[in-house]
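Let us walk through this structure from the overall fold down to a single residue. Keep the coordinates open as you read.

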Amino acid sequence: MDTIEAIILGIVQGLTEFLPVSSSGHLQIAKALMGVEIEQNLLFDVTLHAATVLSTIVVLWSEVARLLRGLFSRRFKEEQAYVLKLLLSMIPIGIVGFTLKDRLDALLESPAILLVVGCMLLVTAALLAFAYYAKPRQKAQLSYRDAFLIGVAQAVAALPGLSRSGSTIATGLLLGNRKQTVAQFSFLMVLAPILGETFLELMKGNLGAQAIGSAPLAAGFVAAFVVGCLACKFMIEIVKRGKLVWFALYCAAAGTVSILSYVL
């Protein structure tokens, strides 16, 4: 993989991270279409995800700062409750990360990765369509139970092609939460897991970084971060106001293309 290819993949990551269409699935499709083979796939993918997480922090800094200020208050406040919900939502993905990390890494190297991605994109499409047509009674506030169940959805979405934001937002909506509430929670709940995973990968990934090349790795990171900063606010508004059925149709089409690319 050269630097230009890394930049293109970074752009793909930056554009798709904030839509319920699976950024990890699109990365795998883009790699296949470009004929890119990457040693240490997980390290490269996690690095790009870290870049978009950093762009999320930049764009949503006012909200992040408000939560941090409230966290250290002597009295139990709304911000502290929200942080507890975020921490609760991170437990499932933490368990998956510690127990299934090697298997997920091996899955990225599988010759059938396009088939897996295609099938999971179809699952994403079905989930988004179901969430769009279901009309549960809306709640005033996201509960601790809902936070944990949304976290379970995030853990399941560790499978490549199953959209993390799509799964978490759809789950939150099916539980009766407002789209704006779920969208913000979905983007904030991923911050600590991805940054933690990135730190662990970089701590033990010196050989992996050498295998990929420091220049492509850095170029992919910068591209994902810059595009992510430009796209984040705009994309979040689309998720909050847009009709999920359109994303469902897109995921169905992308999933079909991915499966056909593998079969043919």
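What share of the 264 residues in the chain do buried residues make up? The share is 52%, where buried means under 20% relative accessible area, exposed over 50% and partly exposed in between, with a 1.4 Å probe and protein chains only.

A word on the source comes next. This is a predicted model, in which local features need pLDDT of at least 70, side-chain atom pairs count only at pLDDT 80 or more, and totals for chains, interfaces and linings use all residues. Residues are numbered from 1 along each chain as its sequence is written, and side-chain values use heavy atoms, with hydrogens and water left out.

Start with the fold. The chain has 13 helices and 0 strands. These are DSSP runs numbered from the N terminus: helices are H or I with at least four residues, strands E with at least two. The radius of gyration is 18 Å, close to the 18 Å of the globule rule for 264 residues, so the chain is as compact as a globular protein of that length. That radius is taken over C-alpha atoms, and the rule is 2.2 Å times the number of residues to the power 0.38. Along its principal axes, the C-alpha trace spans about 50 × 40 × 35 Å.

Now look at contacts, meaning heavy atoms within 4.5 Å. Take those with a separation of 6 or more: 82% of them join residues 24 or more positions apart.

Next, the interior. In soluble globular proteins, nonpolar side chains tend to be buried together. A nonpolar core here is a set of buried Ala, Val, Leu, Ile, Met, Phe, Trp, Tyr and Cys residues joined through side-chain atoms within 4.5 Å. The largest has 46 residues, and Leu-86, Leu-128, Phe-185 and Leu-188 touch the most other members. Helix α6 (residues 113–133) gives the most to this core, with 7 residues. A second, separate core holds 10 residues, including Ala-6, Val-12, Leu-217 and Ala-224.

Which residues does Leu-128 touch, not counting those up to four places away in sequence? They are Pro-20, Gly-166, Ala-170, Leu-244, Phe-247, Ala-248 and Cys-251.

Finish at Gly-70. This glycine lies in helix α4 (residues 61–71). Gly-70 counts as buried because its relative accessibility is 5%. Beyond its neighbours within four places in sequence, Gly-70 is in contact with Glu-79 and Gln-80. Phe-185 is 115 residues from Gly-70 along the chain, and their C-alpha atoms are separated by 16 Å.
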